[in-house]
Amino acid sequence: MRRYSWRRFDWFLLLAVLILSSYGVVMIASAVQGDPELVDYPRRQMFYIVAGVALMIAVAAFDYNLLASFTWPIYLAMLALLALVGVVGKTIFGAQSWIDFFGLFPIQPSELAKVVLALVLGKFLADRQERMDDPATLLGGALIVAPILTLVFLEPDLGGAVVLAVEAAFIFFAAGLYYRYIFAIGAAALALSPLFWNLLNETQRTRLRIFVDPAADPDSYFNVEQALVSVGSGGLLGKGYGQGTQSQLHFLRVRHTDFIFSVIAEELGFVGATILLLLLLFILWRLWRIAVEAPNVFGRLIVVAVAAIVLFQSIVTVGMNMALLPVTGLPLPFVSYGGNALLSLMLMLGLVQSVAMRRKARG
Amino acid sequence: MSSRSDRFLTRIFLLQALTVLIFIALLGKLASLQFGRAQAFQERATFNRIRVVRPEGERGVVYDRDGRMLVRNTAAFEIALIPADLPDDPDFVVSQQKRRVLYEELTTLINQALWEVSPPDIEFEDDGKAVPSRRTPPPLTFGINEPPSPSVMSVDEIDQLVLQREAGSAFQPVVVAENLPRDVALRVIEESYRLPGVVLQLQPRREYPTGAKTAEIIGYTGPIPQETMQSYLERGYNADAWVGWSGLEFVYEDYLRGKPGRKVIEVDVKGREQAVLGEAIPPEPGKNLILSLDMELQEAMFQALLNGVNSWRSESAVAVAMDTRTGYILGMVSLPTYDNNIFADGITAAEYASIAEARGEPLINHAISGIYPPGSTFKMVPAAAGLQEGVVTPRTRLNAPGIIYLPNRNFPDNPLLAQPFVCWIYKEGGYHGDVNLKEALAQSCDIYFYKLGGGWYVTEFEGLGAPTLAEYARLFGYGEPTGIDLPAESAGLVPDARWKRIAKGERWVTGDTYNMSIGQGDVLATPLQVTLMTAAVANDGLLFRPQIVAAITDSEGHLVERREPSLIRELPIESKWLDVVREGMWMAVNWEYGTAPKAALPDIVVAGKTGTAEFYDPDIPRDSRGNLPTHAWFTAFAPYEDPEIAVTVFVYNGGEGSAVAAPITRDILRSYFDIKARDEAAGSRTLLERMEALQP
């Protein structure tokens, strides 16, 4: 009996992703308009979408369960790669040039780490379903998360590390971690927060300080404030595509990545921004549905991890554009310009589709 | 199994609920921003991009009577850096390294271009054949002959300024090099295309070709002073505009400035103009001024005064020339002077202070702001008054020994307490004897004027008396500003009993009248007031309100307005009496016993009056015989038969008027009549005459 079927491939999910990422291309075109250095970006983003969809379908065809046997080698390889980037890469190639070196790879190690964490932690917790009350389960899971998190943080990629932490939390939660452990972890995190503060570098601390007290640094706050003005001045229907004064006169910075949501809200207004949010919500709804219908715990936890990443990055970027959350430099999933983030998301959706194709009919 | 499955579903349901709640929250926030506060944010977005600019019109220029340019507009070239466009790196150290390399390259480029365009003067010390010309600056001029020198900042200075500026307004350019020659600036810009953030700026700049020679008249412009900012802003000025600070630049500000335009523009985040919204109103250029000043004469006056004064180590001096028929100022020199071009490039507070506080106060126009005892030049006032009031006739002779005594008011019988009044000639061991008015003027006989002013108790001769003397002094224009079209004019002082009671708490005594009669005591006058008096004597009693600007034209040279001197008053003195005074002045120059033979010209008949006015200055010691230091005065008109010019020369602490001021006056008159003869021979006309000939 065939255990998978293309009929169960989530075509609606693919369609929503295609619509959303095309929406992104159109808005990137508006954002980079008139900038000779970035004029090529919409076309490049389109190429990434096509490549990403191909990657998604290829991965979907592959049985994710086969990966279950290789999680440990994959995990170790991942750690090695991160160490190479963070430690060796820095000393050999200098602070900047490792990007050039790893530019040969389509997906950066820290993005790949999100996929690997989903696989390894998912497999570990799926195998220990009967022992979710055992502190050893919690401890083992933490030991899996800690090295990968530390290496990404040291890269330094604070945003990436936070995403990994949230991803891990969602996996633990969905795997059924006892509430008493959840509270214990919450209390521990709170107690350790001063230590965490000391680990941050000055830029990251400044961002947090500005978030708490916007007036502290008028120059840095400028970006956040201008994003707020862009969103607010959009009104119901916006100023028209390519007509946003904040975007087109460059009051809004890094428009094609961090602040793409502000461009949309300014030029297409509440209607345009709501459509974007509903598309994201639709994608998340499909993901949660696949998680519920997944054939096994391993698959379910993979889907939960992907949903966690999409949800968290959406909240953070949209919140940042409305001055609700600090500036992190995370991309808005499927929309912000950037092949690395997009290909990594498509790879994850490939795994999700692989799970979807193997789910049982509901009944 | 089933409980585990239920737990999964519960957990995922919770996550789904969380997702929905978060999205509802985000949508709520979005709605509150885009509905609730849309208008406020739209206003802020508009404020971001819309600027109303009021470009200033080009400032008017100034010509002398023959159309020589005294003020023109040029541009100063600057190289600047926009901090926001400089190379940047998240790592501060790397960023600094990159920038310093850029600064280094840029400054090298500028210095190289400067060197190649104008290599610095190198004075070779050769083997004693040619002595290197060491220019010593003239002692009475400040900042002259120094064309605005290019200045280039050092890498450290740039670094510091950029860091400062970046914290506040990163799009505001930081000027790195200023006052560059045009060739250098253009070349630097051409060659710095690789260097991001480097821009060329043009700074409109006033240029004064005649510099120090006319600085006190023309004045200068500067940024709006903080304390008067509000009133300028109300008149529609931009806060960074330059306005007239002194001289004609100040007085005629409203004409020179023109009308600013108005333009609504859309700017990008760097403040760069992207589009003009609506219709722009272009600025209107300012009006031009045509002066009555004859620059050729002004230069001759400047030179004559400088020559005359340099040999006397005086700290300040003045020469004024006025057309006695019209009241127009033909020339006005005040030493020490300064080059007003140094203000055109902006001046530091320290530089300003060093000029403003220099010896002799170069920034002050002593011709109209300086007040000094007029000394014997004042004698025309009691002379005219005495005749008009019938106190004396031309034939009245008064006895003038070298010294007379006024008895003490309280002890009239004690000769030891009597106050002596001496004539200048007494100090040389002489006396004038019985003299009439003309002789008294010609010889500057002090005793005659003591008696004429204050009476003489021995012969029971009734003098003019202090009130009448003061009245005539005021009629001649003393004691109030003349109203010339220049700023900061002084009133001078005509003392009287009331003034003395208030200022000194003392009673007016006959001795005061005596001193006043010879222009000493508390009488104070500006050189311009003395000139006005001489002109009124020369032109038979017309006291003009002097004027420097003769006409105002629009930017294309069309006559807009003629400015003619108005009459302050016609003196209530009969022509025959003024005739006598003129004759006295003629005798001073042309009679063998006159005081001013040095003012005579061979071909032109000159009439004048010397003045040697004592003054008290704690810094200037008395001479070996205990005499006070004196200012040298000479005031004259010419030609005697048909007067057309009045000239007054004043030399602070200059000694004898006859020895110092009279020859300078002669040189000035010489130049005036030479220029006139040459112009008449060539048939040349003044700018105004030429303009009027063009009009139907």
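User: What share of the residues of chain A count as buried?

Analyst: The model is predicted, so local features need pLDDT of at least 70 and side-chain atom pairs count only at pLDDT 80 or more, while totals for chains, interfaces and linings use all residues; side-chain values use heavy atoms, without hydrogens and water. Residues are numbered from 1 along each chain as its sequence is written, chains are lettered from A and ligands numbered from 1 in the order in which they are written. Buried means under 20% relative accessible area, exposed over 50%, and partly exposed in between (1.4 Å probe, protein chains only). Of the 363 residues of chain A, the buried share is 56%.

User: How many helices and strands does chain A have?

Analyst: Helices (H or I, at least four residues) and strands (E, at least two) are DSSP runs, numbered from the N terminus. Along the sequence, chain A reads α-α-α-α-α-α-α-α-α-α-α-α-α. The count for chain A is 13 helices and zero strands.

User: What percentage of the contacts in chain A with a separation of 6 or more joins residues 24 or more positions apart?

Analyst: A contact means heavy atoms within 4.5 Å. Among contacts in chain A with a separation of 6 or more, the share from residues 24 or more positions apart is 76%.

User: How much area is buried between chain A and chain B?

Analyst: The size of an interface is often given as the accessible area lost when the parts come together. Buried area is that loss, found with a 1.4 Å probe and summed over both parts. Here 57 residues of chain A are in contact with 36 residues of chain B. Carbon and sulfur atoms give 72% of the buried area, which is about 4,100 Å².

User: Which residues in chain A lose the most area to chain B?

Analyst: Three residues of chain A together make up 15% of what that side buries. They are L249(A), F270(A) and W288(A).

User: Which residues form the salt bridge between chain A and chain B?

Analyst: A salt bridge is a side-chain nitrogen of Lys or Arg within 4 Å of a carboxyl oxygen of Asp or Glu. The count between chain A and chain B is one. The N to O distance is 3.0 Å, and the two side chains belong to E225(A) and R44(B).

User: Which element gives the largest share of the side of chain A that touches chain B?

Analyst: Elements that give two or more residues to this side include α6 (158-174), α7 (179-199) and α9 (218-234) of chain A. The largest share is 14 residues, and it comes from α11(A).

User: How many nonpolar residues does the side of chain A that touches chain B have?

Analyst: Ala, Val, Leu, Ile, Met, Phe, Trp, Tyr, Cys and Pro count as nonpolar, Asp, Glu, Lys and Arg as charged, and the others, Gly among them, as polar. The side of chain A that touches chain B has seven charged and 15 polar residues. Its nonpolar count is 35.

User: How many residues apart in sequence are the parts that D10(A) and R286(A) tie together?

Analyst: D10(A) and R286(A) form a salt bridge, with the closest N and O atoms 2.9 Å apart. D10(A) lies in the segment before α1 (11-32) of chain A, and R286(A) in helix α11 of chain A, so the pair ties together parts 276 residues apart.

User: Are D10(A) and R286(A) buried or exposed?

Analyst: D10(A) has 1% relative accessibility, so it counts as buried. R286(A) has 9% relative accessibility, so it too counts as buried.

User: Where is F334(A) found?

Analyst: Phi of F334(A) is near 70 degrees, a positive value in a residue other than glycine. F334(A) is buried, with a relative accessible area of 2%. Its place is the loop between α12 and α13 (339-356) of chain A.

User: Is E361(B) buried or partly exposed?

Analyst: E361(B) is not a glycine, yet it has a positive phi of about 50 degrees. It is found in the loop between α12 (349-356) and α13 (366-369) of chain B. With a relative accessible area of 43%, E361(B) is partly exposed.

User: Where does P336(B) lie?

Analyst: The peptide bond from L335(B) to P336(B) is cis, with omega near -5 degrees. P336(B) lies in the loop between β14 (329-335) and β15 (337-338) of chain B.

Technical notes:
Buried area is the accessible area (1.4 Å probe) that two parts lose on being put together, summed over both.
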